[in-house]
Amino acid sequence: MEISFVVEQLLNGFQLGVLLFLLAAGLTLVFGIMDLVNLAHGSIYMIGAFFAATMTLALDSFILGIIIALPMTLVLGMVLEFIALRTLYSRGHMDQVLATFGLILFLNELVRIIWGPAGLAIPLPLLLDGSISLPLGIVYPTYRMFIILIGIIVAIGLYYLVSKTRLGMLIRAGASNRTMVGALGINIRLLFTAVFGLGAMLAGLAGMLIAPINQAQIGMGEDILILAFVVIVIGGIGSIRGAFIAAIVAGVIDTMGRAFLDVLLLALLPANAAEAAGPALSSMLIYFLMAVVLIFRPQGLFPARNG
Amino acid sequence: MRLKKNVQEIGVSCLFILFAIIPILAPAIGEAFYVDVFARIMIWSIAAVGLNLVLGYGGMISFGHAAYIGLGGYTIAIFSFHEINNGFIQWPVALLISGLAALLFGALSLRTRGVYFIMITLAFAQMVYFLGVSADKYGSNDGLNIWNRSEFKIYGLDFSIDDNLTFYYLTFTILILIVFLVRRLVNSRFGMAIQGTRSNESRLEMLGVPTYVYKLTAFVISGVICGLAGILQANFERFVSPDMMDWPRSGELMFMVIMGGMGTLMGPVLGATAFLVLSEVLSSLTVHWHLIFGPLLIILVLYARGGLGGIIDRGQKDG
Amino acid sequence: MIKQFFTAAVILILMSTTALAESIKIGFVTTLTTGAAIIGVDQKKAVDLAVEHIGGKMGSLDVKIVYEDDEFNPQKGKQKTEKLIKSGDIDIVAGYIWSHVLLASAPVVLNANKILISANAGPSPLAGKNCHKNFFNISWQNDQTPMALGEVLNQRGIKSLYILAPNYAAGKDMVAGVERTFKGKVVGKDMTTWPTQIDWSAEFTKVKSAKPEAVFTFYPGKHGAAFLKQYAQAGLSSTPLYSVYTLDSLSLPRLQQAKMTGVLGTTMTQFWSPDMDNAQNKRFVADFKKKYGSYPSFYAAQAYDSIFLIKSAVEATGGKVSDTNAMRAALEKANFPSVRGKVRFGNNHFPIQNFYSREVVVDSEGKWTTKITGVALKDHQDVYAKHCKL
Amino acid sequence: MIGVKKMVSPLLRTRALNKSFGGIVATKDLSIEIFEGQICAVIGPNGAGKTTLVNLLSGNLRADSGDIIFEDDNVTGLSPSALCSRGIARSFQITSIFPEFSLLENVCFSVQASLGHSFHFWKDVRADERVINPAKEVLERIGLLSRANVLAGNLAHGEKRQLEIAMVLATRPKLLLLDEPMAGMGAEESRHLVTLLNELRSDYSMLLVEHDMDAVFALADKITVLVYGKSIAEGKPSEIKVNNAVLEAYLGSSES
């Protein structure tokens, strides 16, 4: 097996990982600070993709499309928070799950009415089309490299925001001790709206980045939402660092499973059994990972709140 | 509150009477199709009553109970595929398998709390789902037809459930039986222990009660009841597929419990009825029915706390 | 939405006012909600157009179509089928895109001694061992199209092939089909998680390192467009892609919208193509384009055919729709103008028909469509027919 | 039941108990004895390690070193539930009850726990005499029987504290560990509770941690004074009252 093959697969895993991170970051913040289980986070991802696709087609520029779509998702997130989700903070997780599931049904149908059932496809920006050559004879699609880059920039930005700024201090305080932030006389409502908007924008960004690879599609949010939940649970709820590490680990493990599991199984099992077991196992791998982590660390890898 | 409880009991009695007379009523008004709708409602009710034991009474938010329905159903289908149609073999084995799965998944999941518990139960259910998808021999995700319903033949006894009416009343009887069983259960010492864990688990532990064991037992019983619902579902639909254990099914089951009012005996039955009738009626009005159904769920949560059963949700955040 | 609501209202009014007139009522079960609705909506368009083309009449009977939405869920599909059957006055049930929905629903119709016509799904149990005298399929059996593709690969002298398909029943059928006829070497095969996996970066990297002469794939619906985009983006454009049910009139406009490279000239196999030269097809495609502004998909073509098939039987029996035996005998003759030209039914009531190789081209208006380039399999019958005891 | 030999040995004693959290010493070389039928009070300023002592004795905390001997058995390191079943029961400084359940049901939880396992799936608890009768007895004794069907969450604070004690009694303990039972109570409620505890002394031994000095002097047979985890004085209330070290360290500053 060539080294370039392994490195390319690692890059693939990394790319999936940063995408998951963009989704998980918002989810874990909202979860950690407001204690809100927001199933509709995936819908924001979907709408972000539709915004970006619409804008890209209208303006004939992907970059411009994203620049306009980002504030749109920010506003969307804040509006959703203000209208529907704010009242859910004080409720139990059950109520939150039920209400945000209702929101998913509603938003999916709304998108279908606005954009039709077929979805929207947009071209890759010319600048990012094609492949780049790296050392070791690795040829990698430019656009996927671009996603990795954006992901890393966002991760660094978030790290800076959370560890160095006043907002970040409040976010950290909120994740570890919610009542304390209130006691400090902070305008909690504003903080919550801001954090929710930020999370929504990150989810939207993930949707926008994926739009030229797949397409903006109804229901695209639900499957990846489950993965994002898996990530934040592995990482420990409320922890940005945990979300990042877990996202990368999940992305790499999932990709490596798809890349190497069949070969591995062929070495261990008879050909027939290996062919049947391979796809099944690789689809279960990420859930298996979560189960194992939780069995040994019931609070995830980096719990923000102890106890 | 007492008054509300009485109103609920009257409502529920009416519902049961309705269940009992539907096979006569529905054809009379020219809607024979509703007999099947209500058979389905009763099957989901059984599952919801099972889930309610852990969700409502025990405060354990399991997001993976569709797995036990699926395991129960698939056991029947696989037996039938291999031409073993004897219900006296099929049913106990199906219940055993659902129970063992619940024991294994529950034992591992119950080590976690709160949202972690929600997610790990989901993870286990998804594994079962993917197992079904990759079961080539048993139809993969196309599913598996069940050409013969379970047969109950032993020493001259020959009870056939092929007839839909017989099946309807069998399901009805099982539903009543399960509700009765769960009623005894939640009022027993065991039931008190379960409810105590929801209310104040650490206090109970301090009193010397090993709560984990009780929670696990409740989880297993609940899994077995869902397995039973799966057995009935497979026989009723004459078909199983991995869809029946995909995560949206677990979600729907949860909603039935919550809609009806968690931790009330009859809430899940009310909830299952409301959920299924509502989606049936709305979907026949417009293909865009989710546009109505979604906000309806939200409104239900925001303004009708504790669901249709009317008993106040005890407002406990888990974890 | 308002338009649909209006149509629904009109249908309701028509139903109530003309209930006494002589009519044939056809239940059509397809997917009208969820992301998969794109196929169902296309089928519905075709059925509406067919009813228009026959002037709303089959013989002397007025035609009424009752659409039901299966929500891409076998239980729901079965429930809707029951609703059709038990509400009494449905004469024939047609539709069904998905194998699992059909498998769950078929017994309901067949046990009621009604005719069931699948306008797409053709799972192997219903073609073989569990075939039924009252079940007809007006599309194809899963294995046939990839078998045709395997022949095309042989004709073109392809020696090594990489296979990529989703890990579910139809995906496995497709893979089995191409492996049955392809004579070269399969150098790699990946079965991906369905329907959640929509990223193939790991698989494409494997393809690149395996260096096959060609890639075979099957990704229906929304996955198809995403697959093709990523295929080109992964730098695989130089490896020819052969597909079945991946490129169709539903995905091509989207790919064109996305200015995709590497799609034009791609080869696939199919029993039909919009450019087929017969009167029925010309009328269908032209009017479909005029009415809806896009090419019909093969799903639409099958749905369109199903209405004409039913019409032929109604007319042959002189409108005795309730006489299931007479209807069945008439249906078996397949004496109707099909958009695919010549077609007849085998013993298992699946079509015996030609399969063509076709290519993605640009039409005179600049739209992407497909064009037939040759016959891959002639008068082909599926392999399961021999297990059918009809 | 009480043998000659046991007459001389204490119900509970500790030997050189030590516990510290990081650098902070919470319990230092502490040796106390409680005899059958005694009420032994532990007093001391805030942070003296009183609650730590209760936690050590109830098994909620594990001592760094030293032994706990209960009825001549070394019970050091046993779990709270094991200690509970041996007859050591505690109440909590912060009320910990089952708010959605009635008073009677709250006490039933305790009774059930003392009856061993709860794997009884069939019989209705409300008809289960083995559970309901002892629960009612305890409620009667504590004077809350008339409110048996009230939801515990709806009780007044003082009543909740009483319920706490009822729940402790219902586990049929030999030794009660009462962690500030009067906390947050008004004068009237405190007096009521003192009377109640006085009535209970014939049947139970108690370790009483309390700030309310009136209550302590009214109830205690023996008082141990803790400062920084260390016992600085021990004796009858009358002795403690006049102990200069105690006055200096504790009473002087707190009685005003």
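I take buried to mean under 20% relative accessible area, exposed over 50%, and partly exposed in between (1.4 Å probe, protein chains only). I worked on a predicted model, in which local features need pLDDT of at least 70, side-chain atom pairs count only at pLDDT 80 or more, and totals for chains, interfaces and linings use all residues. Residues are numbered from 1 along each chain as its sequence is written, chains are lettered from A and ligands numbered from 1 in the order in which they are written, and side-chain values use heavy atoms, with hydrogens and water left out.

**Entry 1: E8(A).** I looked up E8(A) and found that this residue is buried, at 8% relative accessible area. E8(A) belongs to helix α1 (residues 3–34) of chain A; helices (H or I, at least four residues) and strands (E, at least two) are DSSP runs, numbered from the N terminus. Neighbours within four places in sequence aside, I noted contacts (heavy atoms within 4.5 Å) from E8(A) to I138(A), V139(A), Y140(A), T205(C) and K208(C).

**Entry 2: salt bridges.** I counted a salt bridge where a side-chain nitrogen of Lys or Arg is within 4 Å of a carboxyl oxygen of Asp or Glu. The count over all chains is 45. One of them joins K206(C) to D262(A), with the closest N and O atoms 2.9 Å apart. That pair crosses between chains, from helix α8 (residues 201–210) of chain C to helix α10 (residues 240–268) of chain A. K206(C) is buried at 7% relative accessible area, whereas D262(A) is partly exposed at 24%.

I then turned to chain D, where D64(D) and K19(D) form a salt bridge at 3.7 Å, N to O. D64(D) sits in the loop between α2 (50–58) and β5 (65–70) and K19(D) in strand β1 (residues 12–21), so the pair ties together parts that are 45 residues apart in sequence. D64(D) is partly exposed, at 46% relative accessibility; K19(D) is buried, at 13%. I also recorded one network of salt bridges with shared partners, made up of R40(B), E237(B), K78(C) and E82(C).

**Entry 3: chains B and A.** The contact draws 39 residues from chain B and 45 residues from chain A.

**Entry 4: chain C.** I listed 13 helices and 14 strands in chain C. Of its 390 residues, 66% are buried. Among contacts in chain C with a separation of 6 or more, 72% come from residues 24 or more positions apart.
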